[in-house]
Structure formats: C-alpha cells, structure tokens
Amino acid sequence: MNRSERIKALQTTISFLSAELEELQKQERAAERIEPIHTQPEQPKPPAAVKPIRTETPKPKRNWEKEIGQIWMPRIFAFIMLLGVAWGFKAGVNAGILTPPLRLLLGCLTAIGLYVIGEKQIKQSRIALGLVLLGATVTTFVLTTFAAHYLYGYLPAAFAFLLNIAWIVLGIWLSHKHRSEWLAIFVGVGGYIVPFLINSTQPNTYVFVGYELLLYVSLLAFATKHAYRWLYYMAFGMLHITLTVYSLVALQQLNLPALAVVIQHLCLLYILMTKRDSYLQDQIKVLLSSIVITVLWVASTDNNLLLKGLLTMLTLLYAGAYVWERQKGKIELLHTVFFCLSFYSLTLLVIDTVDNTYYPLAWLVQGTFGLYMSWKVKSHIKFIASGIVYALGAISTVLTSYTAVLSVQTLAWFVYLGTFAFLVMKLKGTTKRDLSRLSTLVLLISTFIFITLFGSTLMQDQDFSIRQLVISSFWMIYALALVFYGNTKTEKMATYIGLIVTGITIIKLFFVDLFSVSLAIRSVLFIIVGTIGIFVSRVFYTKQKEVPRVENKEL
C-alpha cells in the first residue's frame, strides 16, 4: 500500500470516528434534556427532648470564722465591757468619788461616746460591732434617764417619760438609717419596758395603754414598710406581755386593755388586706393567733355585751373580707382564712347568745350553710371547717336527751336529717363514692335512732306494752320504706339496711316483746309486724318484662 492509499484510509477512519463522536454527543444532549425525577428528601427527625439536668447550687458554707469574729465576739465583749463599766461605776459610788450629778453626766457622755464610735465602726464596714454600740447608746440614755428620775429624783415623771420616748425614737431612726431589724427589735423591747421605769404614785391607765398601743402601731408600720418579719412578731407579742403584767399589778378592770387588743387585731387585719408582704404566711399566723387572744381578753372583762358586740363585729367583718377577697380572686389562701375566721366568730357568737338547748340547731344551720358554700367554691379547707361545725351540731343532736315531741330537739332532728339528706344527694353526683356510701349509712342509722326516740317519746305516758308495740311498728314501716326505695332506685345500701332493721325487729319480737307485753298486745303486735313483713317480702317479687326476640335474617 503506497503512501496515498494510506492517507486515504486514515481519512476514512477519521471521518467514521467523527461521525461516531457526533452521534454520542447527540445522545448525551438528549439525555440532558430529560427532566430529572425529584425525590422528596427525608425530613430529619427532630431530636428527642432532652430533659434538663437539674443542678442544685450548693449552699455556701458558713464562714464560722467571720460569724464568730465579726458578729458574736463584738456582742460578747461589749457586754463584758458594760459589766466592767457598771462595776467600776459602783466602786466609784461606794468610794464617794462619783456624786449623783457626776454620775448622770458620765452616763450621758458614755452614751454620746458609744454613738460616735458606733457610727465610725459602721463607716469602716464593721457593721455588727457598730450596731451593738448604737444599741448600747440607746440603752445608756434610757438607764441614765431612769436614774435621774427614779433614783435621784432630779426629773419629774412626765418629763422622764417624754425623754425616754425620745430615746426610743432615736433608736428607731438609727435602725431605719442602717437598715437593721435586730436594732429595731432591741429598741422596741426597750420601748415596751419604758413605762415600768417611771415611778408614779398614781399610774394613769389611759396614758399607759395609749402609749403601748401607739408604740405597737408605730412598730407595726415600721415592720411592714421594711418587711421585718421578726419585728412583726415581737411587736405583737410584747404588747400582750406588757398589758398582762400591768393588768396583774395595777388594774382591776380590763376593759381598756381589752379595747387596745381589739384595735391591735383590726390593725393586723388592715395590714394583711392592704400591705401584703413576702412573709404573708407569717402575717396569717399572727392574725389567727390574734383573734383567739382577742376573744380571750374580751371574755376576761366579764362584760357580756362587749363580747357579743366583738363577736358580731368579727363575724360581719370577716364575712365582708371574704366576699371582697373572693371577688378579687388573687390569693385563695386569704379568702379561705377569712371564711374560717368568720365561721369561728359566728360559732362563738352562737355559744354566747343562744340557750344551751338551741346549740345543736344553730350549729346545724351554720354548718349546712358553710358546707354548701364550700361545695360551690370547691374549697377543701372550708369544707373541713364547716364540716367540723356541722358534726358538732349533729353529735349534739344525737346525744341531747329527747324528752318531748313538740320541742327544740325534734326541730333539730328534722333539720339534721333533712340537711344531711340534702348533702348526701349532693355527694351522689360526685366522684367521692366512699364518702357518699359512708354518709348514706350514717343517714340511715341516724333515721333509725330518731324513729326509735320519737316512738318512745310519743308513747312515754302510755303502758310499756303500748310503747313497745309502737316502736316495733315504726321499725317495720321504716324497713318497708327502705326496701321499697332500695328496689325502686336500685340502692343496695337502703335495701340491706331495711333487711337489717327487719332482722332487729324479729329479734326484738322473740327476745323482748314475747316475754314483756300482755297477750292481747302481743297478738296485735305480731299481726302488725307479720303483715308489714309480708309486704316487705313482696317488694322483692318485681315483675320482669319479657324482651322480644330479634331474629337475625341473612341478607
């Protein structure tokens, strides 16, 4: 093959390959024009919720070195220093060096020095030591005034009293300035004791009670403003302590201290309703204690009219507070407390006002109203408080001797059974099945007791045989009614109690009536009981309606 032929064959091969390449390129372009199939990418599953790990911040360790060195040591050594000063003062007096005017001057200078050093210590961040010195300042001023008045007679009683009030005001101002609750408590205790440091041949009760009450109101306002819970407690307790001591020492009549205690209680209620703080639980505890102590104070005056007025006022006041708080609806605990306090006051008012024979009836009406209200507002605490009052009325009704048909006892029994039946009906619609069954059982047993008492009292003037005839007849009528009601309303409890009453009647017939009543009465009794018993048994023969058969037809 020559050269020209080889070139020609090579050109032919190149042309073939070019055609093949062009064909492949066309196929590739055609494949690119076909729309790709889009597949929905799987959505990533959200990560499972990871429960946060609760990390409790460890409580900071108590710095005993700081607490002992900066807090307790200044107090201890300040007390030791005061003892040393007192003994040195006594030694100087015994030696005749310190005359009375010089002693008083030294006391005033000491108080001023303590104040200056205390303020300086606080500025240098030695707060605990500084507050101790400031407290000692007020104490020194009070003791110096006491010495000038009581020991040496330099100051009249009125001026010494006003001067001591000034020192107490100074102490309260210092506690306000340095935001110290314990300084306020220290000064407050001293303020309550001040009247006992005055030597007066004719103590004025109005001045004493007025001062103590004014001091209490001031400390209460101060404690409320700064949320000082311990000062709140101290002010409340110290008023009662000082009034009690003064009443035991200098008073025969307790009307004025009792009035001060009533005003204290009203102040506590006002603060609770208008100035609620972070220590609300403490405020409620003080209020609950106050109402009990207030009632005891007023009761100790032997003024029945004053006691009735107080209980009436507390009942209406707390009822109004309950309605007001209920409408606001912010704090459920508060209107529950007000409800219970109104109930407490009303119960005491009933005890103090009505005659003993009316106690059960009054408590039943009061308890029923409370139970209904607690059911409406769905409050367990109110339900318990009302239930206690109602149970008190029910137990009193059952245990009170039943002597006449036309009496308050009969009315109390009707109110008890009627209201209790109403409460049982209300319980049937709830999920509290065990409580409903127990209440039904108590109602049926109570009704049986009433029927027995009513029959015995109705025939108390008749012969024993007639009385037994009536009681047995009443029992069988009651059993018939229970069995009929139980089968009609499918109340197994009523049916079972009816059968038990029937059994009790039969036992009574053969073990009591058979040997204790006359032959004629026995005959009538057995006929009546037998007839009613047959009716009881007939109740169980209920007709069953036939249910028509429905044949299945094949379609």
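Me: Let's take buried to mean under 20% relative accessible area. What percentage of the 555 residues in the protein chain do buried residues make up?
Reply: Buried residues come to 38% of the 555 in the protein chain. Keep in mind that this is a predicted model.

Me: OK, predicted. What's the mean pLDDT of the chain?
Reply: The mean is 76, and 78% of the residues in the protein chain reach 70 or more.

Me: Fold next. How many helices and strands are in the secondary structure?
Reply: The protein chain has 19 helices and zero strands.

Me: And what share of the contacts comes from residues 24 or more positions apart?
Reply: Counting contacts with a separation of 6 or more, 65% of those in the protein chain are between residues 24 or more positions apart.

Me: Let's look at helix packing. At what angle do α8 and α10 pack?
Reply: Helix α8 (residues 229-250) and helix α10 (residues 280-299) pack at about 10 degrees, and their axes are 10 Å apart. An angle under 35 degrees counts as roughly parallel, so α8 and α10 are roughly parallel to each other.

Me: Which residues meet there?
Reply: On the α8 side, Arg-229, Tyr-232, Tyr-233, Phe-236, His-240, Leu-243, Thr-244 and Ser-247 take part. They meet Asp-282, Gln-283, Lys-285, Val-286, Ser-289, Ser-290, Ile-293 and Trp-297 in α10. By class, the contact of α8 with α10 has seven nonpolar, six polar and three charged residues.

Me: How about α6 and α8, what's the angle there?
Reply: Helix α6 (residues 181-193) packs with α8 at about 10 degrees, axes 10 Å apart. Therefore α6 and α8 are roughly parallel to each other.

Me: Which residues in α6 meet α8?
Reply: Glu-181, Ala-184, Ile-185, Gly-188, Val-189 and Tyr-192 in α6 do. Their partners in α8 are Arg-229, Trp-230, Leu-231, Met-234, Ala-235, Met-238, Leu-239 and Thr-242. The contact of α6 with α8 divides into ten nonpolar, two polar and two charged residues.

Me: Back to α10. What distance does it reach from its first C-alpha to its last?
Reply: With 20 residues, α10 reaches 29 Å, close to the 28 Å expected at 1.5 Å a residue.

Me: What do its buried residues pack against?
Reply: The buried residues of α10 pack against α8, α9 (255-274), α11 (304-328) and α12 (332-353). Among those buried residues are Leu-280, Ile-284, Leu-287, Ser-290, Ile-291 and Val-298.

Me: Let's zoom in on Ser-290. What is it in contact with?
Reply: Leaving aside neighbours within four places in sequence, Ser-290 is in contact with Phe-236, Gln-264, His-265 and Leu-268. Ser-290 counts as buried because its relative accessible area is 0%.

Me: Switching to α16. What should its 26 residues span?
Reply: At 1.5 Å a residue, helix α16 (residues 433-458) should span 38 Å, and its end C-alpha atoms are 37 Å apart, which agrees.

Me: Thr-447 sits in α16. Is Thr-447 buried or exposed?
Reply: Thr-447 is at 18% relative accessibility, so it counts as buried. Beyond its neighbours within four places in sequence, Thr-447 is in contact with Leu-417 and Tyr-478.

Me: And what about His-178, which helix is that in?
Reply: His-178 is in helix α5 (residues 157-178). His-178 has a relative accessible area of 19%, so it is buried. Outside four places in sequence, His-178 is in contact with Glu-119, Ile-122, Leu-131 and Leu-134.

Me: Where does Ala-227 lie?
Reply: Ala-227 lies in the loop between α7 (205-226) and α8. Phi of Ala-227 is positive too, near 55 degrees. With 33% relative accessibility, Ala-227 counts as partly exposed.

Note on methods. Residues are numbered from 1 along each chain as its sequence is written. This is a predicted model: local features need pLDDT of at least 70, side-chain atom pairs count only at pLDDT 80 or more; totals for chains, interfaces and linings use all residues. Side-chain values use heavy atoms; hydrogens and water are left out. Axes are lines fitted to C-alpha atoms, for helices over the stretch in contact, and angles run from 0 to 180 degrees between N-to-C directions. Helices (H or I, at least four residues) and strands (E, at least two) are DSSP runs, numbered from the N terminus. Angles under 35 degrees count as roughly parallel, over 145 as roughly antiparallel, 65 to 115 as roughly perpendicular and the rest as oblique. Contact means heavy atoms within 4.5 Å. Ala, Val, Leu, Ile, Met, Phe, Trp, Tyr, Cys and Pro count as nonpolar, Asp, Glu, Lys and Arg as charged, and the others, Gly among them, as polar. pLDDT is the predictor's confidence in each residue, from 0 to 100. The expected span of a helix is 1.5 Å times one less than its number of residues. Buried means under 20% relative accessible area, exposed over 50%, partly exposed in between (1.4 Å probe, protein chains only).
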